[in-house]
Amino acid sequence: MFPRTIDIYRVLPELIWCGFGVLAMLLQPFVRNRHFFTFLAFVGALAGTAASYFAFRHAGPGFSGLVQSDSFSFFFHLLVGAVAFLVVLAAGPYLDRERLPFAEFYALLLFATAGMGVLASAQELLTAFIGLEMSSISSYILAGYRRDSLKSSESAMKYFLLGSFATAFFLYGIALVYGSTGTTMLDKMAAADMSSTLLKLGLAMILIGLGFKVAAAPFQVWTPDVYEGAPTPVTALFSAGPKAAAFALLLRIFATVPAATHFWFWAFWVLAALTMFVGNLGALVQTNIKRLLAYSSIAHAGYILVAFAAVTFMAQENSAEAAPAYAAVLFYLLSYALVKLGAFTIVSQLGGSGEKNLSLHDYAGLSERQPVVAAALSLYLLSLLGLPVTAGFFGKFYIFKAAVNSHLVWLAVLMAINSVIGAYYYLRVIVVMYMREPSAEAAALAPVRFPVGVSAVLLITFVGTILFGVYPNPVINFILRPNLLGH
Amino acid sequence: MLPGGHLLSVLIFFPAVGALALLMLRGDDHKYIRLIAMVVSAAEFLFSLLMLPRVPIGTAGYHLEEFAKWINQPPINYHLGVDGISLFLVLLTTFLTPISVLASWNSIAHRVKEFFVMLFMLEVGVVGVFLSLDLFLFFLFWEVMLIPMAFLIGIWGHERRVYAAVKFVLYTMAGSILMLVGIIWLYNSTGTFDLPTIQQMLANGTMVLAPRTEMLLFLAFFLAFAIKVPLFPLHTWLPDAHVEAPTAGSVMLAGVLLKLGTYGMIRFCLPLFPEASHRAARWVAVLAIIGIIYGALVAMVQPNLKKLVAYSSVSHLGFVVLGIFAFHNISMQGAVYQMLAHGVSTGALFLLVGMLYDRRHTFEISEYGGLSTPMPKLAAFFLFTALSSLGLPMLNGFVGEFLVLLGTYQRHWQWASWAAVGVILSACYLLWSYQRVFFGEITREKNRTLPDATAREKWILGVVAVVTLWMGIGSPFITRRTAAATQTVIDQVEPQRPYEAATPPGAAPEVKGDSANTAKAVPIERLGIR
């Protein structure tokens, strides 16, 4: 059966991303100019992101309900599209510096983005699985993209082994859910017997599979190693894109399947508390900036899971009230993606060839050498810490609000404690940049040049962080639409 | 001319504009940067004086209000307003900022531009906190001022500056993030972040909190404020922060930032959670009294002059907290007055200590001695300031302490008796340290040739001394304007107890002429001041 035109419209962003990825691979033998591929990927990422508006205009279920184009998927398409676009901008100079092939990198990046897009709009579990695999397999390769670096290969290997294990859980979960409900369509599961043990077990396995993707404790052990070893622009992608997509799927499952919302409150409560503490306490002792940011991204997954606990709690009580909790997740993911992209881009650029300068010592006295870069990195760190006037502040505020709204005061207090622990290590970086005298070799470092593409990334993330920190209204109004999911 | 309707916004954001202007400048033209900083901060002070005639005497409620919708969901508004209490605290802030700029004229030599930018951002945060009438906005400014202060300590401070800066931030954040949870919780019960609206809901009984909830909320707010004050035993960040901060940082920290805590108690803890305040009052008072005596005793044995002044702050702020939690209008007024007086005189003490440091680069008292011979003028200023700080009548410290003790005595004579010990002790440590630093033989040869106060220093100290003296003599100028606001707080915290019952016998107030100009005025006899 040939798909209807409207079905095509609803997956147009994915098609464009994939199309440009294939194009990049096909042209690779013929085009010598490496920067052509940057341009190609740039256009592809942008076109796909723009096409998501087209998909949104033709909202509704596509391919007999396999995917769902709605405000929710629009938001996430914009998010992962913007992430891809910014990573393309940041990656060009990096690939140049590290003498890595361009075309494959961008192709994989676009494939991964398409996979994330599928995850965000999937309404059916096997479709979601395909999206997950698309983004994961591309990610495994991207993590090992610096073939001659041991760390990068180790990172890819670890990510691949643990990732496949988690994917197996996810798949097995789908099988069990199908066994108990007789369908893999999320919207049809509403009619299922909610007390079925098989269904609960299946959902638990899905949760584990996705928990791995979002780096929730105790499924987080891969994160620091993979983040550290992967090329830094790829790390930026990992921390922003796949995480957002996996959270999107998780949110869609737990919003659509009533059985999923009723029994998972405590699971999310414990996951959230554990993830926050593991992430923050782990970050306290890091001296490598990439590892520090990796642990911080675990901690932030924990904060987002707090909002999930609120979502599941609200779903039991009064599902109409759950909207602000969804909004909290979405807004947080947006603010978080902006900040992490900016921070990793700076880290990537300051790392120098071969990514040598990643230790905190190398950042000593940065404010004297490169005041603007230091100021930007400080802003990102303050946003991660959740201080006004940054987007992270509102993100944290909305999560707190969702938690307190759901009477999860103790979880909110745990989150507050974690924010203070977090403050210590974010401040430590700022302290090193502004208040420590550089060591002899750090002082000898020449100021690192920031090419146009990288500066553009910093400008966009910087302005976005402040803009959403001062005036979050447009985003909030959009994600608080009553028909966020499903229409 | 200034649009009168937006005076408060101008006050908040003018320093930010100044900071932006400074950022545009080249970093190496120090003279020019200092000049602009001075002009901006002085202009800000003049702007703030414009508030004075617009806050009528004896009228409760907020003035010069500004209201604009900001965030739709949840409804957060940009709501500003000023009353008798915040009026003078803003004036104190805008007064101490140019003083701080002058004080850092020569002592800040590297990263000059960034220094003044941070100072101005700090001013933005502090003025914003005092003028916000929306809980969310309040919290936002509360957090905004954190980072500039940490930078002031951490970049331009002394040896252990990084430790002190981080400690300062972590302590403050620990309290404030819980306050955020409290603010959101309160929003859940009221549906608004707007302070006047919540107060109205409390007054007409549309919002009733369960006792346990009220207590938890009270504690969430109180902890944040108590850390800031700082109340014993949460004070340990203060000596570190003070000793390590540059002079201007210490002046702003002691002069203004500590008051944010006590201001928060007056503005939020008491009016919003009256029952919980009553239940907690006894324990708070005990902590305040411990703070008064403990701070004074520790100050007495300090070998470090700056630490001595820092601990004297712990002691003095104990009086403020005691005055607030005695729930008496006189003591509340005393508390407000003490906040202002402490801001001026302790600020001046830090300036003086900073001047000594500029000359000898040490805070150790044992390094000094007999300084009045080489520097008689500085010695005279120091004595004057020390006397005002220990509460000599005619100077500003006396008014605050006396009113606090008077008001507290009417309610709980035991509290007042214990607190009075602190007055004696403050005389001990200040005079004793003065004696060791300025009197006696010169023990260090280096000290023999120290230069006396320069013209710039004389100007700074002279201005502060005039204000000190004026506050000591002309105190009614201030108390008349704060009276209505403090009485409102008292009414909110004790709606069941009419004020007359607490009026001391024989304290029939004498009505001043200017009570006539207020239509909806709080009767001045209820204000309990003359």
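# A tour of chains A and B

Select chain A: 21 helices and 2 strands are there, where helices (H or I, at least four residues) and strands (E, at least two) are DSSP runs numbered from the N terminus. This is a predicted model, in which local features need pLDDT of at least 70, side-chain atom pairs count only at pLDDT 80 or more, and totals for chains, interfaces and linings use all residues. Residues are numbered from 1 along each chain as its sequence is written, chains are lettered from A and ligands numbered from 1 in the order in which they are written, and side-chain values use heavy atoms, with hydrogens and water left out.

**Chain A as a whole**

Zoom out until chain A fills the view. Its C-alpha atoms occupy a box of roughly 70 × 55 × 40 Å along the principal axes.

Colour chain A by burial next. Of its 487 residues, 66% count as buried (buried is under 20% relative accessible area, exposed over 50%, partly exposed in between, with a 1.4 Å probe and protein chains only). Contact means heavy atoms within 4.5 Å. Among contacts in chain A between residues at least 6 apart in sequence, 80% join residues at least 24 apart.

Now show the charged side chains of chain A. The mean positions of its 27 positive and 21 negative charges are 3 Å apart. Lys and Arg count as positive and Asp and Glu as negative, while His and the chain ends are not counted; each charge is placed at NZ of Lys, CZ of Arg, CG of Asp or CD of Glu.

Select A:Leu162, in helix H7 (residues 150–181). A:Leu162 is partly exposed, with a relative accessible area of 31%. Leaving aside neighbours within four places in sequence, A:Leu162 is in contact with A:Phe212 and A:Trp222.

Move to A:Gly352, in the loop between helix H14 (323–350) and helix H15 (366–369). A:Gly352 is buried, at 17% relative accessible area. Not counting residues up to four places away in sequence, A:Gly352 touches A:Arg97 and A:Glu98. Draw a distance from A:Gly352 to A:Tyr94: these residues are 258 apart along the chain, and their C-alpha atoms are separated by 9.1 Å.

**Across to chain B**

Show both chains and select the residues in contact: 36 from chain A and 34 from chain B. The two chains bury about 3200 Å² between them, 79% of it on carbon and sulfur atoms; buried area is the accessible area (1.4 Å probe) that two parts lose on being put together, summed over both. On the chain A side, pick A:Phe397, A:Lys401 and A:Met435, which supply 18% of the area that chain A buries against chain B, more than any other three residues.

**Chain B as a whole**

Chain B has 19 helices and 2 strands. The radius of gyration of chain B is 22 Å, close to the 24 Å that the globule rule gives for 530 residues, so chain B is as compact as a globular protein of that length. Its C-alpha atoms fill a box of roughly 70 × 55 × 45 Å along the principal axes, and buried residues make up 66% of the 530. End on the charges of chain B: there are 35 positive and 30 negative side chains, and the centres of the two sets lie 4 Å apart.

How values were computed
The radius of gyration is taken over C-alpha atoms; the globule rule is 2.2 Å times the number of residues to the power 0.38.
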